[in-house]
Amino acid sequence: MTSNYLKVRDFYLSDYDATLFPMETCRYMVEKSASEISDYISKIGNPSEKQHCFLSQETVYASKTKHHLRRTIKLDPVAEYYLYEMAYKNRKIFRKSNNPNRQHFGYRFSEGKKIEIHQSYKEFIDLAERLKCDFKYHIKFDISSYFNSIYHHDLLNWFSAQKTTSADMELLGQFMREINSGFSIDFLPHGLYPTKMLGSHFLSYIDHSELIKCEAMIRFMDDFLLFSDSKDILVKDFETIQKSLGQKSLNINSAKTILFGEEDNSISKVVDEIKERVMGKVNTATGSGIDYEVYIQELKDLNKKEIDHLLSLVSDDNITDDEVSLIIDCICEHTSDFKDYAAEFIYKFPHLSKKIFHKCSSVENYEELSHSLHELVKTAEYLNEYQLFWIAKITEKYLLDTSPCGKIFALLYEHKNATTISKAKILEIPGAKYGMPEWREIHLKNGSSGWLSWASAIGMRNDTKQTKNYLMSYFSKASSINKLIADTVTAS
């Protein structure tokens with residue numbers, strides 16, 4: 001099966017907005033030069049082209065609930081495109097389960113397109129609720145730090161066992177070695193649909209095990225649910241799965257394990273009196289691969305008293321991450337006050353920064369939102385990489401015409417907590433205002449090949465041909481990937 005770069009490009013673009021750190025540098029390159037990137041990857045896979053290889057990638061930290069961090073890597077445009085090409089080319093190996101008693105959900109293709117994850121997760125939740133009615137007992141568990149714990153030789157062995165071509169197997173092995181400088185774990189990027197496909201289907205050996213005897217088992221990525229009318233069967237299966245996972249150095253997250261249907265006090269199962277009165281019973285999508293809480297049931301209409309009560313909860317230091325996510329949805333649906341709370345939400349709940357970005361589309365007064373974000377960036381004692389990145393995304397998409405815009409960019413770029421990726425996010429934003437061309441020129445003329453110079457080149461995409469040609473001549477000489485990017489920018 002040959003890869004169709006137009007189909008791969010469409011696959012990539014359809015997933016772009018859902019990724020953890022969506023960089024315009026990658027999107028622009030894939031949109032404009034998918035064929036050239038594919039040719040470049042072919043050279044990487046050619047043993048005679050030793051000057052071409054996958055580059056070691058940048059470590060980044062996305063926020064999770066309760067101020068936990070998700071350590072992963074941000075791939076360059078070539079490496080990122082490769083994953084989508086690999087997955088699309090081998091899409092037939094990511095199959096739906098054909099055993100009704102051993103089902104896994106999410107992360108595969110259907111009729112040539114990726115399935116929508118939130119719909120698949122809802123199907124998983126709905127089936128779980130039906131099975132809880134059918135059986136007396138269930139056990140729920142997931143794998144601790146799953147993506148960071150997969151051993152790359154185990155994943156490659158699984159990939160090879162799917163009867164992929166030797167060339168595809170060799171290239172995937174090279175990719176896994178080179179992007180992580182040879183380190184054999186903690187190499188699989190989070191938040192990308194193709195890596196979620198790999199992570200989900202890698203666990204299919206558990207689904208196929210004849211040693212598991214329970215009447216039903218369902219799985220969404222590494223979130224497992226076992227069902228039976230016998231506690232003894234469930235205990236034996238649970239221990240069998242733990243031993244099987246242990247052979248691959250994977251461990252159960254004991255803090256999240258629920259035995260025999262014991263009470264789950266999360267908001268997805270129990271809501272307190274006020275939330276139940278206001279919103280009724282809700283289901284949340286919070287499984288592996290779901291970046292923030294998604295409330296599946298439509299929210300009820302609220303009266304003014306109920307709205308005021310919800311707004312009063314925002315300033316409560318004891319409010320949970322799940323509760324504030326639900327309140328964000330309510331505020332956006334029933335009031336025009338979201339702009340007044342967006343900065344506070346980002347500061348207090350970093351893992352919701354991406355959700356805030358999407359909710360900003362409903363804001364009516366962007367000038368006020370811009371001032372509040374400027375104040376946050378200027379005064380906050382600490383903002384992490386994920387917050388800085390998504391504030392930059394909000395500013396780029398919604399606030400370019402507001403008066404504090406340039407100040408926000410400058411504060412983000414020079415922020416004491418700024419990282420390579422958060423600064424690169426600023427550099428890739430096009431325009432000649434605020435002194436940004438001078439920020440880019442430094443990185444384009446210093447002979448470097450990395451995110452700061454790549455993003456600076458993409459930031460010039462709307463400049464005059466003369467300006468682009470002048471600076472690209474310096475930039476393109478530093479590396480083959482620099483030349484690939486320079487050729488794309490100068491051709492536009």
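These legends accompany close-up views of a predicted model.

**View 1. The second largest pocket.**
Welcome to an open space in the protein, with a volume of about 400 Å³. The lining of this second largest pocket is made up of 20 residues. To find your way to the centre, look for I41, E85, K89, D168 and L171, which lie nearest to it.

**View 2. Which elements line the second largest pocket?**
The elements giving two or more residues to the lining are α2 (24-44), α3 (77-89) and α7 (166-179). Of the elements, α7 gives the most, with six residues. Sorted by kind, the lining of this pocket holds seven nonpolar, eight polar and five charged residues.

**View 3. Helices α14 and α16 side by side.**
Here we turn to a pair of packed helices: α14, spanning residues 338-348, and α16, spanning residues 366-379. Their axes lie 8 Å apart and meet at an angle of about 25 degrees. Because angles under 35 degrees count as roughly parallel, α14 is described as roughly parallel to α16. The crossing of the two helices is right-handed.

**View 4. The residues where α14 touches α16.**
On the α14 side, the contact is made by K339, D340, A342, A343, I346 and Y347. Facing them from α16 are E368, L369, S372, L373 and L376. Taken together, the residues of this contact divide into seven nonpolar, one polar and three charged.

Technical notes: Residues are numbered from 1 along each chain as its sequence is written. This is a predicted model: local features need pLDDT of at least 70, side-chain atom pairs count only at pLDDT 80 or more; totals for chains, interfaces and linings use all residues. Side-chain values use heavy atoms; hydrogens and water are left out. On a 1 Å grid over the protein atoms alone, a cavity is a set of points where a 1.4 Å probe fits but cannot get out, and a pocket is an open set with protein on both sides within 12 Å along at least five of seven lines; lining residues have an atom within 4 Å of a point. Grid points are joined across faces, edges and corners, and a volume is the space filled by probe spheres set on the points. Helices (H or I, at least four residues) and strands (E, at least two) are DSSP runs, numbered from the N terminus. Ala, Val, Leu, Ile, Met, Phe, Trp, Tyr, Cys and Pro count as nonpolar, Asp, Glu, Lys and Arg as charged, and the others, Gly among them, as polar. Axes are lines fitted to C-alpha atoms, for helices over the stretch in contact, and angles run from 0 to 180 degrees between N-to-C directions. Angles under 35 degrees count as roughly parallel, over 145 as roughly antiparallel, 65 to 115 as roughly perpendicular and the rest as oblique. A crossing is left-handed if the near helix is turned anticlockwise from the far one by less than a right angle, and right-handed if clockwise. Contact means heavy atoms within 4.5 Å.
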